[in-house]
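Q: Please take one part of the model shown below and look at it closely, after a short account of the whole chain to which it belongs. I would like the criteria behind each term to be stated as they come up.

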Amino acid sequence: MKKWIMICMLMMVMVFSGCSNAEPQQKENKTPQTTQEKEEIQAVTSFYPIYILALNVTDGVENVKLTNLTGSQTGCLHDYQLTTDNMKTLRETDLLMINGIGMEGFLDKVIEENPSLEVLDTSEGAFLLEAKEAKGDEDDHGKYNSHIWLSIPNAVKQAENIRDAFCRLDPDNEEQYKKNTEEFANAMKELTDQMKNIDLTKKQNAAIFHQGFEYFSSDFGFDVAFRIDADEDTTPSAKEVKEAVEKAKEQNISVFFAADDIGKQFADTIAEETGAKVYILDPITSGENKKDAYEKAMQNNIRILKEALDK
Ligand SMILES: [Zn+2]
């Protein structure tokens, strides 16, 4: 009986202490910083979506210097190569925030060789879709689909993981981090409510030209007839394009979702032959460095998904 009371009390303490302590790869016994260093936290994100989430969490906190390692226009990091400038930035980093799920393969060696570098894997606790092979894609991208931020509940989870890391690193500003994250979560709640209003009774089948859009299919509840991956390194063959045309005709796939990249060219080519309509969605891997960039891009994605599927 006493044991149960102890467990209950422990749980109460955990609930009321605000920021949780569940963080991976946390550096134990961090060496005390000098006063000068402590003034500013050098926080670094691996790429654009994580940067925008971190901008939301740290908004208004003056002693955080946030840097996006790969800039705002790099896109996905599947084939990114580490630069000497990146190495220089990482040497002065107090906290490195990554997406995880294999997105930052280029950092594996750096992280392994620098055990003192504090790394936050923001995917901790996120919902993961298994990676499905697509036409044109012969690379092994790992077991799971790494574009997790495209699922709104995942973006909230990632923001919460970022919040927890900052609360530990900078407890003086805990209230601000918590308030900011709650504001972001509330904005996301409004977006998910809009998603629920999309009626999928007429069109439930679409083709996608970006792996990340599988998270939209999962969240919005439409089926993916086929997926074609096309980028700088991945190109579907003529045979695969022909097969896609046949499948789209056979199954009457009238909706294609593509990002505004090379995938769009394939979507346009196939659509021309089948009469499907191409809709452009934003994978949110590049854009403006603004706090509301994720929210705006997602809002626009929802509008387009509604236009394509709900009529
Ligand atoms: Zn990608």
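A: The accessible surface of the protein comes to about 16,500 Å², and 49% of this belongs to carbon and sulfur atoms; such areas come from the Shrake-Rupley method with a 1.4 Å probe, and for residues only the protein chains shown count as cover. This is a predicted model, in which local features need pLDDT of at least 70 and side-chain atom pairs count only at pLDDT 80 or more, while totals for chains, interfaces and linings use all residues. Residues are numbered from 1 along each chain as its sequence is written, and side-chain values use heavy atoms, with hydrogens and water left out.

Of the 311 residues, 47% count as buried, a term that stands for under 20% relative accessible area, with exposed meaning over 50% and partly exposed in between (1.4 Å probe, protein chains only). The protein has 11 helices and 8 strands, which are DSSP runs numbered from the N terminus (helices H or I, at least four residues; strands E, at least two). Among the contacts with a separation of 6 or more, 70% are accounted for by residues 24 or more positions apart, where contact means heavy atoms within 4.5 Å.

The part to look at closely is the metal site. Here the zinc ion is coordinated by C76 through SG and by H78 and H147, each through NE2, at 2.0 to 2.2 Å; donors are N, O and S atoms within 2.8 Å of the metal (3.2 Å for Na, K and Ca), and since water is not among the atoms, sites may look incomplete. Along the sequence, the donor residues follow the spacing C-x1-H-x68-H. The two histidines link distant parts of the chain, 69 residues apart: H78 lies in the loop between β2 (64–68) and α4 (84–91), whereas H147 lies in the loop between β4 and α6 (152–169). H147 is buried because its relative accessible area is 2%, whereas H78, at 26% relative accessibility, counts as partly exposed.

With a relative accessible area of 5%, E118 is buried, and its C-alpha atom is separated by 6.4 Å from that of D94, which is 24 residues away along the chain.
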